[in-house]
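Please look over the sequence and the structure shown below before reading on. The report after them describes how the chain is arranged.

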Amino acid sequence: MKKGLALVLFTLFCLLAACGNDDMAPSVSAGTADTADTVSTPSNTPPASSASGEEHQEDTSSASSTVATYIDGIGEYIVSAEHFFHVGSEDYEGVWETMKLIAVEQFPQGGQSLTAVGENGSLLTFAAPKAVACRAELEDGFSLRPGMTVQVGYDGAVLESYPGQITPEYLTAEEYDGGLISLYLDVLEELYGQDTGLNDGCRWFGFDLTGAPGLTPGEQQAIGWVFASSHGCEPLYGTIEELGEEGYIDMDALCWEDGLHYELKASEATEDSFTLSCTKWKSGLGAIGYKLTVEKKDGVWTMDETGESWAP
């Protein structure tokens, strides 16, 4: 009897011990391997190429840095504002218009006044916006200059005056003509300073710039307006004969009592040089003219007098 009771107790003890071991030992599913928990840490390794094969590119189009590189391939701009929409951005609710700068003047209180020719040949004036950018190739010594082709972002409203007035928010300089427009303005100023007695009593300045290379009709008129306005005169456009037919010049007396006529005409023109004939005319006996050699050197247009001049 005692032996039988001892055997039962021993069997119960073994069963309880086996059950305790099963609770303590973790079970492992068939076909799985032991793994350890890991903590992910930041990596300096650039992200791998995407499935499409395109490399990851960081969007640096914000103007918070000095150079903004646009992913759409439009190029690099030097940015002088905290935020800047690149040309053609769908995020910008205004309009972008291509213009050619004709004059850049400094405001006494700071900032710049710009005169430009718009896409349809219209003459426009406006203050340079705070958000100004340029192509990377214009970065060296960058400043806004006459002859620059620019993209201007504004709300599309134009004040009906002459010139028209706009209020731009953004401007990017795309190209530079190498100083050709500045050269023409300098030539006119030099002519004005020759034989200054012819300048007396002038109300009108007439211009025939149709023979000057590299200018659209709108740019020809814009140069005339800028130059005439700087001397308190009003611009007219055409040859001496055409202005005579319009009644401004007395063709019988061959005299323009209250005006001066300027003509720039090129000859012997090549891609990088031409001879420019320059004339200031008031009457058959009151005129002066000379020729210049104009050349493009290292991307910049320069002029030298040939020494050939004339007067009636």
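## Basis of the report

This is a predicted model, in which local features need pLDDT of at least 70 and side-chain atom pairs count only at pLDDT 80 or more, while totals for chains, interfaces and linings use all residues. Residues are numbered from 1 along each chain as its sequence is written, and side-chain values use heavy atoms, with hydrogens and water left out.

## Overall make-up

The protein contains four helices and 15 strands. Both kinds of element are DSSP runs numbered from the N terminus: helices are H or I with at least four residues, and strands are E with at least two.

Of the 312 residues, 39% are buried. Buried means under 20% relative accessible area, exposed means over 50%, and partly exposed lies in between, using a 1.4 Å probe and protein chains only. A contact means heavy atoms within 4.5 Å. Among contacts in the protein with a separation of 6 or more, 56% are between residues 24 or more positions apart.

## The seven-stranded sheet

Seven strands form an open sheet in the order β6-β9-β7-β3-β4-β5-β8, and their pairing is mixed. Two strands pair if DSSP finds at least two bridges between them. The edges are β6 and β8 (164-165), each with a single partner strand, so one side of each has no neighbour in the sheet. Strands of a sheet pair through backbone hydrogen bonds, either parallel or antiparallel.

Strand β4 (residues 112-117) runs antiparallel to β3, and six bridges join the two. Q106 stands opposite Q112 in β4, and L101 stands opposite A116. The hairpin of β3 and β4 has five residues between the strands, and G110 in this hairpin takes a positive phi near 105°. Between β4 and β5 there are five bridges, and these strands are also antiparallel. A116 has L124 as its bridge partner in β5. The hairpin of β4 and β5 has five residues between its strands, with G121 in the turn at a positive phi of about 85°.

## Cover on the sheet

In a regular strand the side chains alternate between the two faces of the sheet. Are the faces of β4 covered or uncovered? Both are covered: Q112, L114 and A116 are buried on one side, and S113, T115 and V117 on the other. Helix α3 lies across β3, β4 and β5 (123-127), and runs at about 30° to β3. This angle is taken between N-to-C directions, from 0 to 180 degrees, with axes as lines fitted to C-alpha atoms, for helices over the stretch in contact.

T149 lies in strand β7 and is buried, with a relative accessible area of 18%. Leaving aside neighbours within four places in sequence, the contacts of T149 include T98, M99, K100 and E174.

## Nonpolar cores

A nonpolar core is a set of buried Ala, Val, Leu, Ile, Met, Phe, Trp, Tyr and Cys residues joined through side-chain atoms within 4.5 Å. The largest has 36 residues, and those with the most contacts inside it are Y184, F205, I223, L264 and L276. Which element gives the most to this core? It is α2, with eight residues. A second, separate core has 17 residues, including A116, F126, L138 and L144.

Helix α2 has 13 residues and reaches 19 Å from its first C-alpha to its last, close to the 18 Å expected at 1.5 Å a residue. That expected span is 1.5 Å times one less than the number of residues. Buried residues of α2 include L180, I181, Y184 and L188. Setting aside neighbours within four places in sequence, L264 is in contact with Y184, V187, L188 and L191, among others.

## Salt bridges

A salt bridge is a side-chain nitrogen of Lys or Arg within 4 Å of a carboxyl oxygen of Asp or Glu. By this rule there are four salt bridges. One of them joins R135 and E174, with N to O at 3.0 Å. R135 lies in the loop between β6 (131-134) and β7 (148-154), and E174 in strand β9 (residues 168-176), so the pair ties together parts 39 residues apart in sequence. Both R135 and E174 are buried.

E234 and R203 form another salt bridge, with their closest N and O atoms 3.7 Å apart. E234 is partly exposed at 39% relative accessibility, and R203 is partly exposed at 46%. E295 pairs with K297 in a salt bridge, the closest N and O atoms being 3.8 Å apart.
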